[in-house]
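Thanks for coming, everyone. Please look at the structure on the screen, and I'll walk you through it.

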Amino acid sequence: MNDASWGAPPRAGHWGSTGRGTSPGYGREVPPSAGPLHVAGDAAQTRPMPIVPGAGGYQDDGADRDQGAAHIGGPLFRDEQEPDIRPQEPAAPQGPPAKKSAGRDLRAAIGVGVGLGAVILASLFVYKPVFLGVIVIAVVVGLWELTSRLAERKNIKAPLVPLAIGGAAMIVAGYVNGAEGAWVAMAFTALAVLVWRMTEPPDDYLKDVTAGIFAAFYVPFLATFVALMLAAEDGAWRVLTFLILTVVSDTGAYAVGWRFGKHKLAPRISPGKTREGLIGAVLFAMVAGALCMQLLIDDGAWWQGLLLGLAVAVSATLGDLGESMIKRDLGIKDMGALLPGHGGIMDRLDSLLPTAPVVWLLMVAFVGS
């Protein structure tokens with residue numbers, strides 16, 4: 001019972017409701033305590049002490065119960081307040097308001113980003129099959145992170161082996177045979193997941209294969225559209241445009257949101273994202289899109305880049321929110337810790353994966369395949 005109950009008016013079944021000196025609900029007189037509690041003038045007056053149930057108290061059911069000696073808690077009387085004699089610690093001095101933090105190790109993030117960019121550019125413009133291998137490695141590591149987190153947090157055992165083999169086959173088939181090859185490889189990957197899971201007990205079979213097919217679509221199949229862009233004659237420049245726009249969109253959202261963000265975009269999914277950040281992503285991506293389409297893509301036009309940048313900003317934001325939803329459901333902050341300052345591979349692919357089919361489709365519509 002807290003101290004606030006002592007200040008409440010008497011109620012039936014509580015102390016003070018059955019008359020002075022009477023134990024409420026038990027129908028007998030409480031014996032006076034052994035000594036005077038208060039002295040008024042020359043005469044000592046005794047007052048009945050309220051009976052307080054023990055720490056594991058019980059509700060009064062009308063039975064005649066004795067629980068031993070009464071316990072005293074709080075002030076003896078409602079009109080008295082016990083002084084707080086505990087030493088008070090001095091209040092900490094109020095300093096200047098803390099500066100807004102970016103929430104990541106920026107030095108590590110920049111260093112890792114520069115290193116990844118160098119690897120991507122070197123493989124992209126030196127020999128296309130090498131860059132294809134980079135895509136396959138990223139897909140396999142991303143699948144490993146996703147399936148590991150599903151197993152750890154939700155006890156969902158999506159089979160990694162058929163996903164990794166099928167994911168690599170999707171990337172290669174898309175590069176060699178186009179979209180039809182990617183769809184065929186996706187179908188066989190789903191079939192392999194169904195069969196592979198049959199080697200284990202049937203418990204949670206449906207849950208595991210559903211998660212496996214989702215992982216096959218979410219990571220390798222969406223990444224296949226990067227291979228489709230790469231297969232074009234100017235594929236390296238298309239892929240570079242795709243990467244630049246996605247990175248610029250994320251950077252614009254981060255910079256503008258961190259500096260000016262006040263209105264939450266989706267607080268229940270990702271509290272750090274703001275509407276101002278989305279505006280920054282759109283503006284940065286549209287400017288970058290106009291420059292890239294005009295300067296890097298054959299037969300491209302600046303106005304096409306504006307539309308492309310707008311589409312990239314929207315798809316990248318939705319992709320980021322989608323993975324934030326997955327991580328919130330799993331109760332984790334990052335999918336992994338492989339990349340210092342960034343998290344895991346999947347934490348870098350979240351914007352790229354859903355943006356790849358958007359860029360591929362608009363590139364085909366604007367300048368052909």
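**A walk through the model**

Let me start with one side chain. Lysine 207 is partly exposed, with a relative accessible area of 34%. Its partner in a salt bridge is aspartate 204, and the closest N and O atoms are 3.8 Å apart. Aspartate 204 is partly exposed too, at 40% relative accessible area. I'll return to that aspartate.

First, a caution. This is a predicted model. Mean pLDDT for the protein chain is 79, and 70% of the residues reach 70 or more. Where is the confidence under 50? Residues 1-31 are one such stretch. Residues 33-82 are another. The model still has contacts beyond four places in sequence for both: 51 for residues 1-31, and 56 for residues 33-82. Where pLDDT is low, the predicted coordinates should not be read in detail.

Now the overall layout. The protein chain has 8 helices and 4 strands. Starting at the N terminus, the order is β-β-α-α-α-α-α-β-β-α-α-α. There are 369 residues, and 37% of them are buried. The accessible surface is about 21400 Å². Carbon and sulfur atoms account for 64% of that surface. Next, contacts between residues at least 6 apart in sequence: 66% of these join residues at least 24 apart.

How many residues does the largest nonpolar core have? It has 59. Ile135, Ile171, Val226, Val239 and Phe242 have the most contacts inside it. Elements giving two or more residues include α1 (106-126), α2 (128-154) and α8 (345-367). Which helix gives the most? That is α4, with 15 residues. Zoom in on isoleucine 135. Leaving out residues up to four places away in sequence, isoleucine 135 touches Ile171, Ala223, Val226 and Ala227. As background, nonpolar side chains in soluble globular proteins tend to be buried together.

Next, the strands. β3 covers residues 264-266, and β4 covers residues 270-274. They run antiparallel, joined by 2 bridges. The hairpin from β3 to β4 passes through 3 residues.

Back to salt bridges. The structure holds 7. Take glutamate 152 and arginine 149, with closest N and O atoms 3.0 Å apart. Why are these two about one helical turn apart? Because they sit 3 residues apart in helix α2. Their surroundings contrast. Glutamate 152 counts as exposed, at 55% relative accessibility. Arginine 149 is buried, at 13%.

Another salt bridge joins aspartate 329 and lysine 154, at 3.3 Å from N to O. This pair links distant parts of the chain. Aspartate 329 is in helix α7, lysine 154 is in helix α2, and 175 residues separate them. Lysine 154 is partly exposed, at 35% relative accessible area.

Last stop: the backbone. Most residues other than glycine have a negative phi. Aspartate 204 has a positive one, near 60°. You'll find aspartate 204 in the loop between α3 and α4. Aspartate 299 is not a glycine either, and its phi is positive at about 65°. Aspartate 299 belongs to the loop between α6 and α7. Is aspartate 299 buried or exposed? It is exposed, because its relative accessible area is 71%, and the cut-off for exposed is over 50%.

That's the tour. Over to you.

Key:
Residues numbered from 1 in each chain as written. Predicted model: local features only at pLDDT ≥ 70, side-chain atom pairs only at ≥ 80, totals over all residues. Heavy atoms only, no water. Buried < 20%, exposed > 50% of the residue type's maximum accessible area, 1.4 Å probe, protein only. Contact = heavy atoms within 4.5 Å. Areas by Shrake-Rupley, 256 points an atom, 1.4 Å probe, with all protein chains shown as cover. Core = buried A, V, L, I, M, F, W, Y, C linked by side-chain atoms within 4.5 Å. pLDDT = per-residue confidence, 0-100. Pairing = 2+ DSSP bridges. Salt bridge = Lys/Arg side-chain N within 4 Å of Asp/Glu carboxyl O.
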